[in-house]
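Visitor: I've got a few "how do you know that" questions about this one. Can we go through them with the model on screen?

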Amino acid sequence: MFYRGFVRFLSLLASTFYRRIEVVGLENVPPRGAVIFAGNHPNALVDGLLLVSLADRSPIHFLGNAKLWGFPVLSSLLEALGAIPVLRREEHPGVVDNRGAFARVHDILVGGGCVAIFPEGISHADSQLVTLKTGAARMALHAAAQRDNDVAIVPFGLTYLDRDRFRSQVLLQFASPIPMDDARLKAYQRDEVGTVRQLTAELGERISGVMLSAPDWATLRFIHAARRLYKPTAAKLTPASYVDLSRRFVERYALFAEKPDVQRLRVEIEAYQAELDGLGLKDYQLSHRVSACNAVRRIVWRTAVVTVLLPLALPGAIVLLPVAWLAATVGARFSYDIDDIATLKLVTAVPVLLSTYALVAVMAGVGLGWVWVAVALLLIPVSLFATLFVLEKQAQLLISMRSLLRLARLSADIDALVARRGELVAAVRTAVDRYADPTVRRMFDAPDFSSPEAVGSRPASTKGS
């Protein structure tokens, strides 16, 4: 009972931190039987939080770095989730004894339960999957060899559009399960080491197929720029379609990167992106033509929404903004790498926010009577969500106003950039027509490209979101 309630709380926490969370391939998760969830690890504890709250199986016991159990509050939360501490050889020179952890995993799997593991071994900010450890394969094969019912590994991939930014988006995608069938178990009996290595290699391929990766960040940045130029202006990408389209670009670029026209196109796109960066502009500000009248109407509407909701949001802002500032400060100053910033923000914000919430309720009871405790407990969450809504609208409003001023000030530069963007749009789509996989159905058809693009004319304004 406690576990289910805690998972619901984690789900609320995740959906508050991330504006949109999309889950794809949930049908690949077996509804019963022993399962090892194995995936990439780009965002520290947040990865486990998302998996536990969204995988539609419970309980899920995930393996975590034993050093996390050194923090009293965090260790209590990990124990409540049924997490299993594992010692990393890199952090503990000499003999490392994880037999107790693997014995616990074995008992869970033999009993038909679920375990989650990040076979890369560490959370990291690399642009691609790093070499996998063999632990997931060894645990699956060992448990299947001593169990009558099936054991399966379910690979999953996590892709964050901006991993540590509040109210960003994330995709959790499950691949088809890898069963520990009779043929694999017979191979395991004949050649234990070879079968474990082969299964680990297959697992790596499956995980890579449901995440977005590239050889380096420069290439991934180029891919994102090319994808934005290729996409029809009116098209709206979900996190799943965003990742799918980007992955197609990565795969085809890897095959044809040495072609002279592809190399030339990359140089031109990177130069265009560098000029945008230098002027403080975004590509979408050139691709969406919005009339001055519509731009002003949008600004007026957002101003009105912020003004109307401000009285309701103000109490929540008094509570939330100091906590948000504290979380952002901790995330910026105490993170070892960008992969743990979101974790530090959550670990800081959640206990402080809950404590503040309880304190305000008690103060209301002491000052106004205990009936006001119930009133405060009901109204504060409503005010907090109103605060989030107002802050998002206010951010969009500021972006719209700043963009209007910048576009008006950079009139000549904008005209030249819009014309160059039109040329790049045509060049990218020509390259796609030439090098796209003919056996894969296109995400966009000819009618999708029929809407006017930003070619040769300057937008009067820009969208704020």
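This is a predicted model: local features need pLDDT of at least 70, side-chain atom pairs count only at pLDDT 80 or more; totals for chains, interfaces and linings use all residues.

Visitor: What makes Gly157 count as buried?

Guide: Its relative accessible area is 0%, and buried means under 20%. So Gly157 is buried.

Visitor: How far apart are Gly157 and Asn40 in sequence and in space?

Guide: They sit 117 residues apart in sequence, yet 5.7 Å apart in space, C-alpha to C-alpha.

Visitor: Why are helices H1 and H2 called oblique to each other?

Guide: H1 (residues 2-17) and H2 (residues 45-54) pack at about 120°, with axes 9 Å apart. Roughly perpendicular covers 65 to 115 degrees and roughly antiparallel is over 145, so H1 and H2 come out oblique. H1 passes H2 in a left-handed crossing.

Visitor: Which residues make that contact, and of what class?

Guide: H1 brings Tyr3, Val7, Leu10, Ser11, Leu13 and Ala14, while H2 brings Leu49, Leu50, Val52 and Ser53. By class, that's eight nonpolar, two polar and no charged residues.

Visitor: And what makes H6 oblique to H7?

Guide: H6 (residues 182-190) and H7 (residues 192-208) pack at about 135°, with their axes 5 Å apart. Antiparallel would need over 145, so H6 is oblique to H7. The class tally for their contact is four nonpolar, one polar and four charged residues.

Methods: Residues are numbered from 1 along each chain as its sequence is written. Side-chain values use heavy atoms; hydrogens and water are left out. Axes are lines fitted to C-alpha atoms, for helices over the stretch in contact, and angles run from 0 to 180 degrees between N-to-C directions. Helices (H or I, at least four residues) and strands (E, at least two) are DSSP runs, numbered from the N terminus. Angles under 35 degrees count as roughly parallel, over 145 as roughly antiparallel, 65 to 115 as roughly perpendicular and the rest as oblique. Ala, Val, Leu, Ile, Met, Phe, Trp, Tyr, Cys and Pro count as nonpolar, Asp, Glu, Lys and Arg as charged, and the others, Gly among them, as polar. A crossing is left-handed if the near helix is turned anticlockwise from the far one by less than a right angle, and right-handed if clockwise. Contact means heavy atoms within 4.5 Å. Buried means under 20% relative accessible area, exposed over 50%, partly exposed in between (1.4 Å probe, protein chains only).
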